[in-house]
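Reader: Hi! Could you walk me through this one?
Author: Happy to, here it comes.

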Amino acid sequence: MASSKFFHGSSLLIGDNTVPGVKLPKELREHAQTILKACHDWGLDFYPTVVQLLTYDEISEVAAYGGFPVRYPHWSFGMQYEELQRGYEFGAHKIYEMVINASPCYIYCLDSNTLLDHLTVIAHATGHNDFFKNNVFFSATDTNMLNNMANHASRIKKYMTRWGKEKVTEFLDYLLRIDTLVDGAAAWHTKVVRDKNIADKRNYRFPRRLRVDPDRLYMDDYINTKDFKDRENDKVKERDIADELGFLMEPVKDVLGFLRDNAPLKPWQQDIMSMIYDESLYFYPQRQTKVLNEGWASLTDSVIMAEQGFVGLGQKTHDSGIVEYATHKMGVLGGKYSTNPYKLGFNLLSDIRDRWNKGRFGPEWEECRDSAKKESWDTGAMLGKDKVFEVRKYYDDLTLIHEFFTEDFCREQEYFEWRRYADGETMVESHDYPKIKRLLMARHVNGGLPDIRLTEHNYRGKGYLMLEHNFEGRPLYEPYVRDVMVGIRFIWGNDVFLSTKGHDGTEIIFECSDNDPQNVRVRARK
Amino acid sequence: MPRRIEEDHKDFIDVVSGRLRKALKKFIKSGQIVRSRGKRGKISITIPKIDIPQILYGDGGKGVGRGPGKDGDVIDKGKKGKGNQAGQDEGEGITVNLDLDTVLKFMQDELELPNLKPKVSETFDEIKIKYNNISLVGPESLRHNRRTFIEALKRQCAEGTANEMRVVPGQKIPVRSITPIKRDKRYRQFREIRIPSSNALVVYARDGSGSMDEQKCEIVSDMAWWIDVWIRKFYKRVDRLYVWHDSQAMEVDEEKFYNYRYGGGTTCSSALKFIAKQFENRYPPQKWNIYVFYFTDGDNWSDDNAAFISTLRESFPEKDVNLVGITQILPYNYSNSVKYFVDTALGRGELDKNNVRTTEIVQPGQGQLSEEDRNQQILESIKRLMGKETSSNG
């Protein structure tokens, strides 16, 4: 609709007929433009934006669908909706906003918010918007997901009318249990479209050769030596044999993708599976960058609203909104000692900005042991802004914590490690920096989920599936493992094994050969 | 525009009720239900948390926190720590409040309890008048115009005058007309609807000798509560009469009935005689559906057993009393117990099997009666007392 007259590059769209919503008040329309312009001027580079006001009912609906107006029918969305509604009724929580990673980017605001809340939310959401567009981990996601999801919905509905709702829902139930078992890196793989007309389905492998300059072909024998050629030929032979025997050369992280391609599925099941796979890949980077993404958005709104003084927009005086803004911020990030991951992201980014502004980086800073000198260290480098923009572009949660969760930061923010004892008491275990950091990082490896890999798809030569949990010290939640294994068994059509480790570090193997989760056997391997 | 979420939400509710049905079944089967008396007609049942299971980390019992604490400070004493993932606690679930009616319906299916039938009675609770009849005579104000005109049309068709054109006042040209005459007229007429009385009297009587200890009283209380709920389901008005006896019977209030103990003698027939006396003036059997539940531990004055049977036979015939249920709780031995004599009389046909039923809650061979066993036996007893005839002589 109306595009902005204020600046080029990004535009603000107000309202969209395809999604439910309330009309935007006129004053908010103008102020929203101002906020977007401020974001643009600060250096953000974002997708065109659609701001949409929704009532609580509507925003719960949209939130239940993960931000998308149209999703396939499934009861789990109804469950989410119920939870959100309950939470709202009991006053336990409240959704202020929702943003989705698409172009144009949709920002959903709760219509009962105050003007200041709206503007804060728009600034915050624009931070997300910018992050979606610029962060490398999002670079392979599809910005047209809104339409894709709608297409998925209509296809799945079609299957439901064709094959029966119960049957499709049952398949979806099983599928949704394993939709986290994907490899985020698969998004960058080129998609191979298989040509069905070719009768010969074998994949030919060719031995690797090093490149030789065409003008100096006489060098070939020296570059690709006989040893090298033999080695490469052997590799190809090995892989061919492995293929024939049904071995995997290396563990497959992309379990869902493997099942999609190899499980004995009916065409409609395969189609549904590929849809769920695409959606799962789409959501993967959001799990991977939760801390940084929220931190970045929080930083954005604090810069725009507080530092640049837009809290006064539409208020009586230029700073009369600051208390309300601070209260709102407190509600989102939690108090001083909040362990909220959003708070961690915000604090880390603020710390980075502060350090690079004062030049507290580089070998000189690292090597300095004089605490008094460190205290007053300020080279006036003023590189903070550049650094945070760099961080928002190239980092995810894991690398962010790895690089910037420093000992000083840990001490300043008063982090500690706790441990719960058998009698139910939780005690402060230590203030040991390496331990705390290790715990924090473990929480963000693989998007915070266990790393499950497929090691054999012809286990014991009987076509069983062998999965392995890459154990890093935290055991799995057993009741769910049983249910998930039943799900995989349903899809794979044959027995499934999972090897993991228990609390005491002994290896255990789950063995599923039945449709009943209670019948999953657990064995200890010596 | 119907909202998209509504359908999904409905599906979710279906999933919940499916799980609920399972949980309720288990709840009733295991006898847990005996102990849970609802509050304000609601019974709360916990069903397991519904979630899409995914591979998650369990609770490692370790984590990172923030704050001014020193090493070794206790930060949480509760059982639940700061869980880091969903669904950590086994006990976590959704608590659903159910109407007692719903639970009873399930109980009916599960225990195969038949509906109670009020006995045929001459008294009527209420006589209602409803205008749902047609009469040939009546006041004009109750005239049924449509029926009247239909009758007139029928008559005119039969006479062959329906197509005749007539000059009607107010019309310039002749038109076809239907003109009711006196015998076409139909009037609304009322009908009496007699609603038979649905009063029930539930008599709880128990042996009050010293041997009825606390455990037995509790069993009486649990059984009586569920019997009460069940009977109330079928009658509009339920009166309760609590009778307590040692060698003499007397009426007591509810609280006393469940708690009062006194180590006197035991003459079981005294209670029956006392109840029978109440039928004379207070609760005439023609007007009341009468249910009598007698709880004993089987001890009786040995001379009294014959009197007990004869009173039962003479004062509690089928035409007067809907049901006499005799429950024997944890007897010392079966022979020479009250139930033994009643069962023998039933077997000989001295008592009517249709309205006298017996049941027993027994101690397992040795040791204490376990909670689960107790609850199951109580359910089984209720089933024997209120259930179908075939299971009456358990």
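**Rings and charges**

Author: The charged end of Arg206(B) is placed over the ring of Phe257(B), 5.7 Å from its centre. For such a charge, NZ of Lys or CZ of Arg is within 6 Å of the ring centre and within 35 degrees of the ring normal. This is a predicted model, where local features need pLDDT of at least 70, side-chain atom pairs count only at pLDDT 80 or more, and totals for chains, interfaces and linings use all residues. Residues are numbered from 1 along each chain as its sequence is written, chains are lettered from A and ligands numbered from 1 in the order written, and side-chain values use heavy atoms, leaving out hydrogens and water.

Reader: Which residue lies over the face of Tyr57(B)?
Author: That is Arg474(A), at 4.1 Å from the ring centre.

Reader: And how many aromatic pairs over all chains?
Author: There are 41, counting Phe, Tyr and Trp rings (six-membered ring for Trp) with centres within 6.5 Å; planes under 30 degrees apart are stacked, over 60 edge-to-face, the rest tilted. Phe68(A) and Phe283(A) are edge-to-face, 6.3 Å centre to centre with 80° between the planes.

Reader: Is Phe68(A) buried or exposed?
Author: Phe68(A) is buried, at 1% relative accessible area, while Phe283(A) is partly exposed at 22%. Buried means under 20%, exposed over 50%, partly exposed in between (1.4 Å probe, protein chains only).

Reader: New topic: which residues form one aromatic cluster?
Author: Tyr159(A), Trp163(A), Phe171(A), Tyr174(A), Trp268(A) and Phe490(A) do.
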